[in-house]
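Work through the following exercises with the structure open beside you, and try each task before reading its solution.

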Amino acid sequence: MKIDMTYGSGGKQTGDLINQVFLKHFDNPILNKLEDSAVLSVSGTIAYTTDSFVVTPLFFKGGNIGKLAVCGTVNDLSMMGAIPKYLTAGFIIEEGADLEMVESIAMTMALTAKEAGVFIVAGDTKVVEGNGGIYINTSGIGEIIKGGISISGCKQGDAIILSGNLGDHHAAILSERMGIENEIASDCAPLHTIAKNLLDDGIEVHCMRDVTRGGLATVLNEAADQSGVSVEIWEDAIPVSREVKGFCDILGLDPLYMANEGKMIAIVKEADANEALEAVKRSPYGANARIIGTIQEGKGVRMKTKLMGSRTIDVLYGEGLPRIC
């Protein structure tokens, strides 16, 4: 069945869409009240974030736009030392979209939210003219369990931990668009367990960031600039799968600038580096984590190459890959 403009009219079809798709999969006592606003119970300091997701294609190896929306919002909260609690979801659906496809996305969102321990407690649906596209906006609230974690908090001597292989999401999306057959799947995943492990173990964490658009290079430049320090990373320590490396070699891509949806960096006190690495590895999404560099005095980001040379690593310029998240 196709979505048409009547599904956005506010009448019976809108009610059917809400009840037969969204309430069916997002079922929880807060959302089920269908009030104009969700009434939530929080205490202490909260983190709040919002994001919009416009990936093309909507479905890809390793996930779909719904999984991406939940993971992206959960991860943004987790990087601030928060336990994600509640999400909202706003859907903009173009006429011609398959109702079954919308339900599949909603079902994936529900499963991912359950894994992350969050409730989707409010939402909105709009149907617009178009060619069957779907866009999702999410907002999220989390309770801060450790304050002071900041992109401006890096200190000289800190160790930089990367939670796993670079480039999987970017390569998976580009493969789908170009019709390239391979086994590369998106790394799209909720990272709340990694962040919680670090904080539960008493690691002195100065900064956490998920590595999304702009890639590792851009995130490290932001950290260096905001903290007034320099970053040194080591080329032979940066994990990239054999499949993604081959993909990059063919297309002339650099994994340092490729988008990810299930990777993060943790910048921690030097003395805690090895313990922090083990904490990251305890998560199913951190098994291939590595210590990839250090924070130093100075400015900018440099990489020590495998040939013991030095390469300046700048931010991403221009278009990396449109509609990737």
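**Exercise 1.** Which residues of α5 are buried?

Solution. The structure is a predicted model, in which local features need pLDDT of at least 70 and side-chain atom pairs count only at pLDDT 80 or more, while totals for chains, interfaces and linings use all residues. Residues are numbered from 1 along each chain as its sequence is written, and side-chain values use heavy atoms, with hydrogens and water left out.

Begin with the terms: helices (H or I, at least four residues) and strands (E, at least two) are DSSP runs, numbered from the N terminus, and a residue is buried under 20% relative accessible area, exposed over 50% and partly exposed in between (1.4 Å probe, protein chains only). By this rule, the buried residues of α5 are D168, H169, H170, A171, A172, I173, L174 and S175. These are 8 of the 11 residues of the helix, which spans residues 168-178, so α5 is largely enclosed by the rest of the structure. Next, look for what lies over them: the cover includes β2 (59-60), α3 (65-78) and α8 (242-251). Finally, follow the chain past the helix, where G179 comes after α5 with a positive phi, near 70 degrees.

**Exercise 2.** Find how many aromatic pairs the whole structure holds, and describe the one formed by F22 and F91.

Solution. Rings of Phe, Tyr and Trp (its six-membered ring) pair if their centres lie within 6.5 Å, and planes under 30 degrees apart count as stacked, over 60 as edge-to-face and the rest as tilted. A search of the whole structure gives 2 aromatic pairs. For F22 and F91, the ring centres are 4.5 Å apart and the planes stand at 35 degrees, so this pair is tilted. Because F22 belongs to helix α1 (residues 12-26) and F91 to strand β4 (residues 82-94), the pair ties together parts that are 69 residues apart in sequence. F22 counts as buried at 7% relative accessibility, and F91 is likewise buried, at 3%. Ring pairs also bring in F26, so that F22, F26 and F91 form a cluster.

**Exercise 3.** Are E275 and R242 exposed, partly exposed or buried, and where does each lie?

Solution. Take E275 to begin with: this residue sits in helix α9 (residues 273-281) and is partly exposed, at 42% relative accessibility. Setting aside neighbours within four places in sequence, E275 is in contact (heavy atoms within 4.5 Å) with D201 and I203. The C-alpha atoms of E275 and L198 are 8.8 Å apart, although 77 residues separate the two in sequence. R242, by contrast, lies in helix α8 and is exposed, with a relative accessible area of 69%. Its C-alpha atom is 10.0 Å from that of N165, a residue 77 positions away along the chain.

**Exercise 4.** What describes the protein as a whole, in secondary structure, box and burial?

Solution. Count the elements, which come to 9 helices and 13 strands. Then consider extent: along the principal axes, the C-alpha atoms fill a box of roughly 65 × 50 × 30 Å. As for burial, 52% of the 325 residues count as buried. Lastly, turn to contacts between residues with a separation of 6 or more, of which 87% join residues 24 or more positions apart.
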